[in-house]
Amino acid sequence: MDETEFWELINDSREAAEGDPEEQADLLVERLLACEPEVVLDFARHFESRYNRAYRWDLWGAAWVLLDGASDDAFDFFRCWLIGQGREVFEGALHDPDSLADLLDDFDEEVDGDGEELGYAADEAYEQLTGTVAPDLGVPAAPAEPEGTPVDFEDDRELARRYPKLWDRFRE
């Protein structure tokens, strides 16, 4: 599976799930079950490398504003959800986290922002296909600390300054 196929699978499953991350995860598992185990591992490698790439302070700050707070776990699940939004949203958010205000059409606090199940889709499919746990993917681990300059999540003025569009849309 190459990068284009990875993003097509993400986009197709998101559209079929009508944006519901849990339904999207179920659809991903279903579609991955039609693949060879090595293809499922390729998907997992693509997912994991993007998940690690998104481990950045500036993105965590954007998640904090968007979600009105984001613990370590919530940020982990947010990164899975962000990948599930597709290449345009994912790459746009990495380029400029504040652009999420423009990239996200609708945002339902009850459903959006938490893609925990998306992070397990490849593992679940691999296990169902092979009866074994997926092996180490060989993807470099995420750094111990997020990349970039730390963000003071408790400083509303700083958050409003760093993420003006997100602040205006989701916090005021």
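Leaving aside its neighbours within four places in sequence, with which residues is Leu82 in contact? In this predicted model, the partners of Leu82 are Leu59, Val89, Phe90, Ala93 and Leu100.

Leu82 is among the residues with the most contacts inside the largest nonpolar core, together with Phe43, Phe78, Leu100 and Leu166. That core has 52 residues. Helix H4, which spans residues 57-67, supplies the largest share of the core, namely eight residues. In soluble globular proteins, nonpolar side chains tend to be buried together.

The overall fold may be considered next. The protein has ten helices and zero strands, and the pattern read along the sequence is accordingly written α-α-α-α-α-α-α-α-α-α. Its radius of gyration is 16 Å, close to the 16 Å that the globule rule gives for 172 residues, so the protein is as compact as a globular protein of that length. Taken along the principal axes, the box filled by the C-alpha atoms is roughly 50 × 35 × 25 Å. Of the contacts between residues at least 6 apart in sequence, 72% join residues at least 24 apart.

Buried residues account for 44% of the 172 residues. The protein exposes about 8900 Å², of which carbon and sulfur atoms supply 42%.

Cys80 lies in helix H5, residues 72-84. Because the relative accessibility of Cys80 is 6%, under the 20% limit, this residue counts as buried. Beyond its neighbours within four places in sequence, Cys80 is in contact with Phe47, Tyr51, Gly115, Leu118 and Gly119. The C-alpha atoms of Cys80 and Asp114 are separated by 7.3 Å, although these residues stand 34 residues apart along the chain.

Tyr126 belongs to helix H8, residues 121-130. With a relative accessibility of 10%, Tyr126 also counts as buried. If residues up to four places away in sequence are not counted, Tyr126 touches Pro37, Val40 and Leu41, as well as Gly131, Thr132, Val133, Ala134 and Pro135. Tyr126 and Ser71 are 55 residues apart in sequence, and their C-alpha atoms are 29 Å apart in space.

Most residues other than glycine have a negative phi. Glu18, although not a glycine, has a positive phi of about 50 degrees. Glu18 is placed in the loop between helix H1 (3-16) and helix H2 (21-32). The relative accessibility of Glu18 is 75%, so this residue counts as exposed.

Asp68 also has a positive phi, of about 60 degrees, and is likewise not a glycine. Asp68 lies in the loop between H4 and H5. Is Asp68 buried or exposed? With a relative accessible area of 57%, Asp68 is exposed.

How values were computed: Residues are numbered from 1 along each chain as its sequence is written. This is a predicted model: local features need pLDDT of at least 70, side-chain atom pairs count only at pLDDT 80 or more; totals for chains, interfaces and linings use all residues. Side-chain values use heavy atoms; hydrogens and water are left out. A nonpolar core is a set of buried Ala, Val, Leu, Ile, Met, Phe, Trp, Tyr and Cys residues joined through side-chain atoms within 4.5 Å. Buried means under 20% relative accessible area, exposed over 50%, partly exposed in between (1.4 Å probe, protein chains only). Helices (H or I, at least four residues) and strands (E, at least two) are DSSP runs, numbered from the N terminus. Contact means heavy atoms within 4.5 Å. The radius of gyration is taken over C-alpha atoms; the globule rule is 2.2 Å times the number of residues to the power 0.38. Accessible areas come from the Shrake-Rupley method with a 1.4 Å probe; for residues, only the protein chains shown count as cover.
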